[in-house]
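Visitor: Could you walk me through this structure, one question at a time, with the cut-offs behind each term?

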Amino acid sequence: MEAPPMALLLYRLAGLCYRRRHAVVAVWLVLLLAVGGLAAAFSGKTTDEFRVPGTEAQTTVDRISDRLPEYANASAQVVFAAPEGESLTTPERRAAVSAAAAAIGKADGVAQVIEPFSAQAVSEDGRIALTQVVFDTRLHDLGDGPRDAVREATESAEKAGVQVEFGGDAYTPTVTVEGGEAIGVGVAVLVLLITFGSMLAAGLPLLSALVGVGLGMAGLLALTGSYDIISTAPVLALMIGMAVGIDYALFIVSRHRQNLAEGMEPREAASRAGGTAGSAVVFAGATVVVALAGLAVAGVPFLTVMGLSAAGAVIIAMLVAVTLLPALFGYAGRSVDRLRLPGLGGGKKKPGEGQERPGEGRTRPGGGKPSAGERWVRGVARRPVLVLIACLVGIGAVAIPAKDLRLGLPGNGSYPESTSARQAYDLVSEGFGQGFNGPLIAVAEAEGAAPLSEGGVKQLAQKLGQLPGVATPLPPSVDKTGQLAAIPVIPKGGPDSRATEDLVADIRDEGERAAADAGMKLTVTGTTAANIDVSKKLSDALPPFLAVIVGISLILLALAFRSLLVPLKAVVGFLLSIAGSAGAVVAVYQWGWLSDFIAVPKVGPVVSFLPILLIGVLFGLAMDYELFLVSRMKEESARGAAPKDAVIAGFRDGSRVVVAAALIMISVFAGFVIGHDPIVQPIGFALAVGVFVDAFVVRMALVPAVMILLGKAAWWFPRFLERTVPHVDMEGERLSARLAGDAQAGAKQDTDAAAAEGAGAGDLVDSHAGGIDRSPADRRGAGK
């Protein structure tokens, strides 16, 4: 027996949720309260450590953690500075700094402190002094207690008029959102109001999105007590969950309103919306989930956690859209457009207005003045080749900077100047050079059982000091066994400079050869080296990940549209969107264009995991717009419209909601650009630009131009695939035929069931196309 198509299953699910609306709402409320309680009881702290097992830097630091813990444990820089033009060498200030350093050494959790004056860690002008602090635990196990204790120990120095700033790994600011997302949500609300013209209709997508985001964030927080979750994961889940939550609900609400305008009863309208728009939501959501889960291909644990966290938020958004929304429709009945705002959302249609017969090839529902979308697509239809060339040239120009893409992880120098970590970074750079903000640790290990010779270690340190890019090597430290030595190397460049990246490669090349000649094995670690290794690993993972995403998209879209050329066109459009977004990111965050307008804290390398994250997220979102827009074109084609008419009618019906969805996505993502976090801001910017290019250039211009040029060939599908590929029926063609056939074959049973229901026999198990919903609950919901 053939399995029911997905559209029919979702049709039945929506009808069930409509009828059992009280139970559905109760279940979601109970889930929200229960998971919220788990979050309150079991939530812990997120981590800011970007660990990547298997890289040389991570393997080395794990190996020396027990034998040379001062190079593996969490560390900090406490920077003391006198006012401009003055010095710390006055007796009062020197005593205050020395006393503060001594107090730091007595603080709980501190294993070692290097007093600046005894270590000669004072700038030449005497204004800046640097105190190195080593804690007694690794960074991911370091709590707030030791950090706060170090801060308290320096209060006496601050009272003496000395500026004190805190930097190093231990004081890297936590990834945060700064309230800009609220502005983005506000813009999304405005877009919904303009689109629907009704406060009730606009409120439904927002309500469902808030439920989904609340549940997803609570679940993620509940897991932080048991698992190491990178601090960027909740931010990404919030960003993606809110955007897709509003968008998915927007598509279903729009289809429900259209069904009501075409004369359907409320329950049938909700069921049809679930079977058609709901199918597109599930399919589009599945592509997003697959893409986000596919981030695990990179083999980077923190990126896998980010991808799975965001994928979980998308799954919840899908479930809310196909279950909670139909239940809410049940409460609204015919009054989904209640609380209308004058002049917004277009005129209110009467039931039955806009209905058409299959095969007519609609030009405009109900006649009347053509919409802006229809006027636009007719203009594209007149000049498809010109539009296609303009799109390719425009995106190509924006994508040019992408060729200079350089990856890196932000350090303390990337944060706003208002933060203590950034001020500490700048003071160290001013007083000692940028390299002191990112020292490298060269680790020499004896090849055999014999200990390292002291002379050999010193000679190796001297050779390392002669490499180009080295400011100075510091005195080496040898472990108790004498078989392991750590040589701190201070580079001339900063942690995120290309010169430092080249220096790490030189140490691993020339330094390793020198060590081998002396019977030693040499590796490089330290935060700077670890960041370089992470960026290299992510850069190497980009091509295979992109290949996987392209392959998945071709399969999914071929399955959805039963076509080969439409998926190819969609993939090319997706790649163009990626190129345009990457080019804009490089221009702003690496070249510095518009950096003052966007308030970029510091121009430098692009966040190393941004490109692979952009590919994963934008793939899903781009497929959303492709599915929602082109599925309407195929729906018109299935009704018998000519190819050009199908493109025009499908674009007219789908463009308004796609534009609204894109504006909502852009506003939500752009809200995160307002903040100054060096990780969150470029991610929000890249996604906002990517959605803009994909929605307004690729989907609104390039797609209709190509579809018109392809004509009937767009829907060509080989016969052997036609027989073997499952039929998704996103356009609802088979659903309509199935329901119409059931209605004709069972007219007598439907009449009997309706009569029995009117006598109090209970709700109908299901409704059919054209069937009249006469349950008492639905009469009340419909406002009868």
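Guide: Two strands count as paired if DSSP finds at least two bridges between them, while helices (H or I, at least four residues) and strands (E, at least two) are DSSP runs, numbered from the N terminus. This is a predicted model, in which local features need pLDDT of at least 70 and side-chain atom pairs count only at pLDDT 80 or more, whereas totals for chains, interfaces and linings use all residues. Residues are numbered from 1 along each chain as its sequence is written, and side-chain values use heavy atoms, with hydrogens and water left out.

Visitor: Which residue of β9 is the bridge partner of alanine 442?
Guide: Strand β6 (residues 440–446) pairs with β9 in the antiparallel sense, over six bridges. Within β9, the bridge partner of alanine 442 is isoleucine 487.

Visitor: Which residue of β9 is the bridge partner of proline 473?
Guide: Strand β7 (residues 470–473) runs antiparallel to β9 and is joined to it by three bridges. For proline 473, the bridge partner in β9 is valine 489.

Visitor: Which glycine in the turn of the hairpin formed by β8 and β9 has a positive phi?
Guide: Strand β8 (residues 477–478) pairs with β9 in the antiparallel sense over two bridges, and valine 478 stands opposite alanine 485 in β9. The hairpin has five residues between β8 and β9, and the residue in the turn with a positive phi, of about 75°, is glycine 482.

Visitor: How many residues of strand β9 are buried?
Guide: Buried means under 20% relative accessible area, exposed over 50% and partly exposed in between, with a 1.4 Å probe and protein chains only. Leu484, Ala486, Pro488 and Ile490 point one way from β9, while Ala485, Ile487, Val489 and Pro491 point the other way, and all are buried. For strand β9 (residues 484–491), which is mostly covered, the count of buried residues is eight of eight.

Visitor: What arc do the buried residues of helix α5 cover around the axis?
Guide: The buried residues of helix α5 (residues 144–153) are Pro146, Arg147, Ala149, Val150 and Ala153. The arc is that of the directions from the helix axis to the C-beta atoms. These residues lie on the same side of α5 because the arc they cover is only 160°.

Visitor: Is arginine 422 buried or exposed?
Guide: Arginine 422 lies in helix α15 (residues 420–432). Leaving aside neighbours within four places in sequence, arginine 422 is in contact (heavy atoms within 4.5 Å) with residues including Asn412, Tyr415, Glu417 and Lys602. Since its relative accessible area is 8%, arginine 422 is buried.

Visitor: How many residues apart in sequence are the parts that the pair of tyrosine 589 and phenylalanine 685 ties together?
Guide: Rings of Phe, Tyr and Trp (its six-membered ring) pair if their centres lie within 6.5 Å, and planes under 30 degrees apart count as stacked, over 60 as edge-to-face and the rest as tilted. The structure holds eight aromatic pairs, among them the edge-to-face pair of tyrosine 589 and phenylalanine 685, at 5.5 Å centre to centre with 65° between the planes. Tyrosine 589 lies in helix α19 (residues 565–590) and phenylalanine 685 in helix α23 (residues 680–710), so the separation in sequence of the parts tied together is 96 residues.

Visitor: How far is the charged end of arginine 151 from the centre of the ring of phenylalanine 166?
Guide: A charge sits over a ring if NZ of Lys or CZ of Arg is within 6 Å of the ring centre and within 35 degrees of the ring normal. The charged end of arginine 151 sits over the ring of phenylalanine 166, and its distance from the ring centre is 5.7 Å.
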